[in-house]
Amino acid sequence: MPISGFPEVLPAQRFAELAVLDRLRTTFELHGFAPLETPAVESLDQLTRKGEIEKEVYVLRRLHADAGDDGNVELGLHFDLTVPFARFVLENAGRLEFPFRRYQIQKVWRGERPQQGRYREFTQADIDVIARDTLPFHHDVEVARVMAEALSTLDFLPPLRLQVNNRKLIQGFYTGLGAPDVAAVMREIDKLDKVPAEVVHRALIGTAGLTSEQADQCLALAQVSSADTSFVPAVEALGVKHELLAEGLAELAAVIEGCAGITGVTVEADLRIARGLDYYTGTVFETRMQGYESLGSVCSGGRYDSLASDGKVTYPGVGISLGVTRLLMPLFQRGELSTSRSVPSAVLVALPNEDDRAACDAIAQQLRARGIATEVAATPQKFGKQIRYAERRGIPFVWFPGDTHEVKDIRSGDQAVADPAVWTPPTEDLHPQVVFTEDIP
């Protein structure tokens, strides 16, 4: 029985997951992002440095550990890919060419209470651009566009909406409004997806110290959203002015314009997005999946002007992380996402008798040499039983060896003479195809 919070993925589901990872990787590499893999473990000192999720870190130790194991360094499984990336940058800064662009697709572990969309073991796919001292703003636009393009290739998923905001914009607005505690206002506004607006309004007054009129203005700003730059005059119409607000508006408009023309995913300015973590300093991202809004964001990130620092040099960056497991598992669990078959094999070579096994293996090798996944029947049963075996496994073609070879499409019943040196199945049958089906009752 699977352990709670540690997902178990069946073969057909795994093919779908691999299709997602392949499309992400292809897009990332098309934009020049290099792959990186860091160890699953980091020192506890590194993992708990900022103390945000200290209680959720899984500690790693050997069952019968000796006192001197690992030089007495306490180890833990990484809970995200940002902490190990920051450590990597500091340790390798002298060998990296900046700006350094990397993607990283790995499992991470987090000891939180399992629930829909939250797991103790899950896969993340991150992209980041990091520089030394300063990072030009155009990389914010680049990261947004790369992830939007990557998400647009996942055309078998429900519609995705990449929401973008800018911390300068909202910070400048709250400051221009006269808010006594800008950070407190951000924290309360960030709760709008979880609690009603009237509850947030009361908290803005009671906790953040705003007047009722100021709270109204903050909620009005949070209601602004658009898939083009029409949000700019909508914000200006609220009458608040501040230099940081103007800078944030310009940057957010540049991101939205930079993502124009991408189809298959909606990119929009959404001014309620704040991101609760304090290290974000500019652009921020969140992503929702249509019909699964209760999951919250499945792809988040932003600009951080101090990813890492050695005390002398600071390394700013911008990045975004896709929760692959968070995105896919609910679809698997509801039976909405799978693949056309649960095996890679496109062809089963029938086995007339055991003496023919070597010849059948040779046929299979000819097909495999041309990229056609093929297996040979396990036993020389009657052909009818071998066909039923292929049907149960979802293998679409059965190959009948002989003086004249024939291949049968067991779905249509069509059978024709074929040469193993040249025959190829239709493109859609070469590999398992991802299938999305509306909710099955």
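Q: What is the handedness of the crossing of α5 and α10?
A: The crossing of α5 and α10 is left-handed. Bear in mind that this is a predicted model.

Q: What makes α5 roughly antiparallel to α10?
A: The axes of helix α5 (residues 167-177) and helix α10 (residues 243-258) cross at roughly 155°. Angles over 145 degrees count as roughly antiparallel, so α5 gets that label relative to α10. The two axes also come within 7 Å.

Q: Which residues of α5 and α10 make the contact?
A: On the α5 side they are Lys 168, Leu 169, Gln 171, Gly 172 and Phe 173. From α10, the residues include Leu 244, Leu 245, Glu 247 and Gly 248.

Q: How do you know that Arg 101 lies over the face of Phe 33?
A: Arg 101 is 4.8 Å from the ring centre of Phe 33.

Q: Why do β2 and β3 stand at the edges?
A: Their open sheet has three strands in the order β2-β4-β3, with antiparallel pairing. β2 (41-43) and β3 (59-60) each have a single partner strand, so one side of each is left without a neighbour in the sheet.

Q: What makes β3 and β4 a pair?
A: Pairing takes at least two bridges. β3 and β4 (residues 75-77) have two bridges, in the antiparallel sense, so they meet the rule. Leu 60 has Leu 75 as its bridge partner in β4.

Q: How many bridges join β14 to β15?
A: Three bridges join β14 (residues 347-349) to β15, and the two strands run parallel. Val 349 has Val 376 of β15 as its bridge partner. These strands belong to an open sheet of five, ordered β15-β14-β16-β17-β18, with mixed pairing.

Q: Why are β15 and β18 edge strands?
A: β15 (374-376) and β18 (415-417) each have a single partner strand, so one side of each lacks a neighbour in the sheet. From one strand to the next, the twist averages 25°.

Q: Which strands does helix α12 touch?
A: Helix α12 (residues 357-369) packs on the sheet and touches β14, β15 and β16. Its direction makes about 175° with that of β15.

Conventions:
Residues are numbered from 1 along each chain as its sequence is written. This is a predicted model: local features need pLDDT of at least 70, side-chain atom pairs count only at pLDDT 80 or more; totals for chains, interfaces and linings use all residues. Side-chain values use heavy atoms; hydrogens and water are left out. A charge sits over a ring if NZ of Lys or CZ of Arg is within 6 Å of the ring centre and within 35 degrees of the ring normal. Helices (H or I, at least four residues) and strands (E, at least two) are DSSP runs, numbered from the N terminus. Axes are lines fitted to C-alpha atoms, for helices over the stretch in contact, and angles run from 0 to 180 degrees between N-to-C directions. Angles under 35 degrees count as roughly parallel, over 145 as roughly antiparallel, 65 to 115 as roughly perpendicular and the rest as oblique. A crossing is left-handed if the near helix is turned anticlockwise from the far one by less than a right angle, and right-handed if clockwise. Contact means heavy atoms within 4.5 Å.
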